[in-house]
Amino acid sequence: MLLKKFAFLLGLLVLGAFAVPSFAETPRILYVGDSWTYYPWALQDPPALREVLARPEVGLGEYVEDGSIALLQPTAAGWDTPESKAAIAQKLTENPTIDTVHLSLGGNDVNLGLGGNFSPEHIADMNGTAVQHIANIIDFILAQRPDMRVAICGYDYLNIFEGIKFNGFGVVESIENPTAVAYALYGLSGATIIDAANNQNTINDIFIDLEQRKLNLAQGRDRVQYIHSFGVMQAFYGIPSLSIAPTAPSGLPVGLSGGYSNFPAGNRDLFSPRQALDGDAELDPIHLNPSGYTHLMENAVLQVYAGWLGDSTAPAVQSIAPSGAKAMEGGTVDFDVTFTEPVTGVDAGDFTVYAEGVADAQVASVSGNGANYVVTVTYGAGYGTLRLDLADNDSIYDAVWNPLGKTNLVSAAGDGNFAAGTPAAVTGANPEGEGSVEGVAEGEGSAEGITPDGEGAQEGAAEGEGTSEGGGPVCVTPPKTKRVLIVGDSWTAGIWAVKAMDEVFDEYGLTHVGAEGSLTAQSGSRAAQWANDNTFKNYIFNSLAANPTIDTVHLVIGGNDILSRIKNTNVYSGLGALQREGWWNTIQNDIQTIVNYCLSFPQVQHVLINDYDYLNALTAKTVLGLLGQSYDFGGMSQEQVNNAFIEVGLRKLSIAQNTPGCEYVQNWGILQHHFQTPAGGALPGAAPGYTPYPGGFKAFPMPDAAFDPIVFGPLTFAGDGIHPNENAHKVMLCNAVDQFYYGWFAPEIVCTEEGETTVEGEGIVDGEGIAEGEGVTEGAVEAEIVVEGEGASGGEIAVDGEGSVEGEGSSEGTAGGEVSVDGEGSAGGEVTLEGEGGHEAENSNEGEVNEGEPEGSAGGEVSEGEGAPEGTAEAESTEGEGGGEPAEGEETAEGEGETPGHSADTNHDGRIDLAELLRCIQLYNFREGFHCTAGEDGFGLGDGDRQGCGFHSLDFMEPRWIITLSELLRGVQLYNLGEIEKCGTSEDGYCPRETR
C-alpha cells in the first residue's frame, strides 16, 4: 500500500499499466501535464471532461479530449525538453482539429523540490523556475498553429490534515501511510493538532504562490487562460469532519469573466475534504477521486471550455467599402471594414491596397474596435480607383481566440483573405478630365440601385429634373421600406406567413415600415441552432445583405429549447435545481450569442427580444399526442410549465438590460387580459420597470380564443395549445409597437418645393445621360428603376431575370404597381420580368403589351393587350376591354399546363379528407423526410431521389423535404376548410374555393 501510494503521489506512472480509452468523436483538447490530467482521463469511464461536455445542459458531446500523452513527464522541467515538445507537436499534427491544450503542471516540481526548505528565497526560486518551464512549453504550443489555445488548470487545496488521528488532548495518535509519505517528502514534522494545522497552512501558501504565478503568466499572453480551482471541493462537499456545509454554486472560484476576484477561493487555511480525495481506508492527500475530478472539470467547463468549445464559428470579413459613396479627393480615403463579429488584433499589417491609376497608395492608419474598423489609405497623383484587401496573417481573433477564416475546425494560412471589397473612385492632384459630380444626373430620367450602360455611371438615386410639377410644396409619406428582420421559431413563422407585422405597422400609421422574414422565420428552430449552426447564421447574414435598409431584428426564440427539455420531464421534481438552472443558463447564453451576432452588423441598431405568452399545456398534450408527439411535461401543472418559460424570460430580460442596442417585450398574460379570460388578469408590465412581471395569472393558460380551432373528425380542439392565431399575434405585436417600434419608426413626411431637385443618393456622372436613350435602362437585373423624368411613370419596375427593356420611352401614366399597363386590356396589377426575352418595341403605347412580350415570364398578373406572353406559367390573364374572346395568341400560353391540385388531394376531389390528412401526418411523423416515388401521392418515406418531382404542397417552408409542425397544422386547416383551390394570396398557394 505504501509503495502504491508513493507512486501515485509523484504521478510517476507507467502508461501501459492502465487501459487508455478510445474515442471516435472530434478531438478538440490535448492533455499535457501530470497526474491531474492523466487520472481524470484514464481512470474514469467515460473520462471526466467528456462526461461533463456530453450533458444536455452543456451540449458539447461531439467533442472529446485526448490524454494519451498526459503523463509523459511528471514535472514542468520534464516537459520542457526537446523530446517532450516533439511528442506534443506530433499529437497536434495527427489531430488537426485539436485547438486547445489543457495544461496541469508544477505540482510535482513542488513535491520533489521542497525538501524541507521553507525559506522564502527557496520557495520563490522553486516556483519561479517551474513557471518559467511552463511558459516555455506554452510558447512552444502556441507556435505550432495560429488556432492553438492553452488553458492552465490550477490545483485545488491538498489535504495533509485529515489523514492524522489525534487523541483527546490534541496530540498525534496515528498517521495514515500516504499522509506520512507526504510529511516525509515535504520535510514536515509536529506532534500536535496545532502543528498539523500550521503544516496544512504552509503547504497551502506554497501552492497559492505557485498558482498566482501561473495566473500572472496567463494574463500576460494571448490565447492563454487560467482556470481558477482553489476551493472547488470545499464548495461542492463542504468539510463534513468540521461540520462545514457546501457552498456551491455561490462559493465556487471565479475565473476570468469575474476578474478572479476571489482568488484564492474557499478557506485558504483548510483543505479539500476527504470525500473528494482518492483512497479507501487511507487518504491520498494529493489526488482527487473520480467524483472530485468530475467537479474539477465542471469548473473548467464553466470558466473556459463552454465558451471556447461552444463558439467554433470563426470570424470573417463581412464587407470592406469606402466610407460614404462619393468620389474621394484630397489624398486620403477611409474604408469601413466590418467583421461578422467583434475581433481583436486588427492593424495596418493586415491590409493591402490595390490601386489602379493612382500612385503611392498605402495604408496610413487603422482605428476602431469590436466588429467595426476604419482604415485610412493615402495616395498621390492620378485618377482611378483604390480597393482595400485584407491579407490574413493570422493576427486577428474573436473573443474566444478563433482565428480569422478558420473553417471546419481547421486553420490554414490565408484562409481569412478578403479581396471582394467595394473600390473607391479617387481623384489625385489635378487629374485631367471632367471631374466628378455628386448625386445629380443631367439626363431626363433617374435610376435607383443600378449601373446603367449609358455615358455616365451613377451610384445611388438622382431624381431627374424635379419632384413636382405644380405650384407649392408637395408632401408625401415615404414608400414602404423593409426595416425589420423577423428572426426565430414558429411564432415568427406565424407572424410572417400572414404579414401580421406589416398590417400592424399600417394600422399605427407606420405605412413606410415593412418587415422581412422569408429566410429567418423558421418553424421548429431553436436558440441553440441560431447560435451555433452556420446555416442559421447565414440566414441572418444573407437577409441583411439583401436588405440594407433593415436596421432592427425582431427576435422570438427559445421556446423549442425549453419544450425539448420539459416535454417529458418535470424540471421541478425530476431533477435538481442546479441542473435546471444549467439548462436555462445554456438557453440564455445561446440567445445572448444570437443578439451579439445581430448587433455585430453595423446596419442593425436594435434587437427587440419578444417573449411568448402562456401556452396551454393540456391542449398541447392532447393535440400533439394525436399527431404522434409525446408531451406529458412529466406531470407538471400548468403553472409549473408557465414558470419554466418565465424563468427563461427573466434571463432574456437580463440580456436586454445588459446589452446596448437590445430591448425586451414582456407578453406574459397579455392575451388573458385582452380576452378577459380569466377576468381581471393584469396587463404585463412594460419597459423599463416591467411591473408586474409576469402579467396575468400564471396558473392559467392562454385563452382558447387566442387559437384557431383544429378539427380531427368528430373532435374539435381550441388550437394546438402552442401556436396563437393571427389576431393573438397582432395583440402582442401592438405591445411591441406601443413600447418601442412607434418611437423608433415615427412617421416621416418628405416635402419638396416646386421645381426643387431632390438628390437621394451619391454618384459620379461623366456625361449628360444615365442610360442609353432618354430615361430608359437596358438590362437592369434585380433592381428598382424609378423613372421620374419626362413622360415617365411614377411606379416601379422590378426586373428579376435577364430580360432587358430597350425602347426609348416608358409607359405613360402607369399605376403604382410594380409595372402596370393601364388602358386597353389592362389588369392594373404586377408584371415581373423573370425570363430571358426582351421587350423590343420602340414605345409602349398606353395600355398596350406587344405581342410576344416577354418570353418565359412566370408569376404575377399579365395584362392582355394585343399579345400574350409565350410560355407564361401560373399567370392570371385579364382580357381586354369588356371581356370577349382572348386576344391574338392567347388561346393557351405555350408550355402552360393545367394547374395541378394539392399533393395531399390524391383522389382529386378538390378537398383534403381525413384519410388524406392521416397520410400528411405520416409524412410529418417520419422525421427522416421523404422523396419522389411512383406512389399514390408521388412521395415515399425516407431518403431517396428528390429530382424527379416538385415539393409536396405542404412542404412550402424551409427546411425542405420534411413536413414541419406548422406545415402540418396548415394541412389540418385546409382539411377543415372543405373545398380548396390554388390561389396567389396565401403562403402555400391554396385558399378556400370561392362560390361562383
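Trainee: What is the mean pLDDT of the chain, and what share of residues reach 70 or more?
Mentor: The mean pLDDT of the chain is 79, and 76% of its residues reach 70 or more. Please keep in mind that this is a predicted model.

Trainee: Where does the pLDDT stay under 50?
Mentor: One such stretch is residues 1–23, for which the model has 51 contacts beyond four places in sequence. The pLDDT is also below 50 over residues 430–473.

Trainee: Let us turn to strand β19. Which residues does it span, and how many of them are buried?
Mentor: Strand β19 covers residues 552–556, and five of its five residues are buried.

Trainee: Which way do those residues point from β19?
Mentor: T552, H554 and V556 point one way, while V553 and L555 point the other way. Residues on both sides of β19 are buried.

Trainee: And which strand pairs with β19 over five bridges, in the parallel or antiparallel sense?
Mentor: That partner is strand β17, residues 481–488, and the pairing with β19 is parallel. Within this pairing, L485 stands opposite V553 of β19.

Trainee: Which strand is joined to β19 by four bridges?
Mentor: Strand β20, made of residues 606–610, is joined to β19 in that way, and the two run parallel. For T552, the bridge partner in β20 is H606.

Trainee: You mentioned L555. What is L555 in contact with, leaving aside its neighbours within four places in sequence?
Mentor: L555 is in contact with V487, I591, I594, V595, V607, L608, I609 and N610.

Trainee: Which residues have the most contacts inside the largest nonpolar core?
Mentor: They are L555 and I566, in a core of 112 residues. Helix α21, residues 726–744, gives the most to this core, with nine residues. Apart from it lies another core of 93 residues, including I88, L92, M148 and A182.

Trainee: A change of topic: where does R28 lie?
Mentor: R28 lies in strand β1, which spans residues 26–33.

Trainee: Why does R28 count as buried?
Mentor: R28 counts as buried because its relative accessibility is 0%, and the cut-off for that label is under 20%.

Trainee: Which residues is R28 in contact with, then, leaving aside its neighbours within four places in sequence?
Mentor: R28 is in contact with Y63, V64, T97, I98, D99, T100, R149, W308, L309, S312 and L409.

Terms used:
Residues are numbered from 1 along each chain as its sequence is written. This is a predicted model: local features need pLDDT of at least 70, side-chain atom pairs count only at pLDDT 80 or more; totals for chains, interfaces and linings use all residues. Side-chain values use heavy atoms; hydrogens and water are left out. Buried means under 20% relative accessible area, exposed over 50%, partly exposed in between (1.4 Å probe, protein chains only). Contact means heavy atoms within 4.5 Å. pLDDT is the predictor's confidence in each residue, from 0 to 100. Two strands pair if DSSP finds at least two bridges between them. A nonpolar core is a set of buried Ala, Val, Leu, Ile, Met, Phe, Trp, Tyr and Cys residues joined through side-chain atoms within 4.5 Å.
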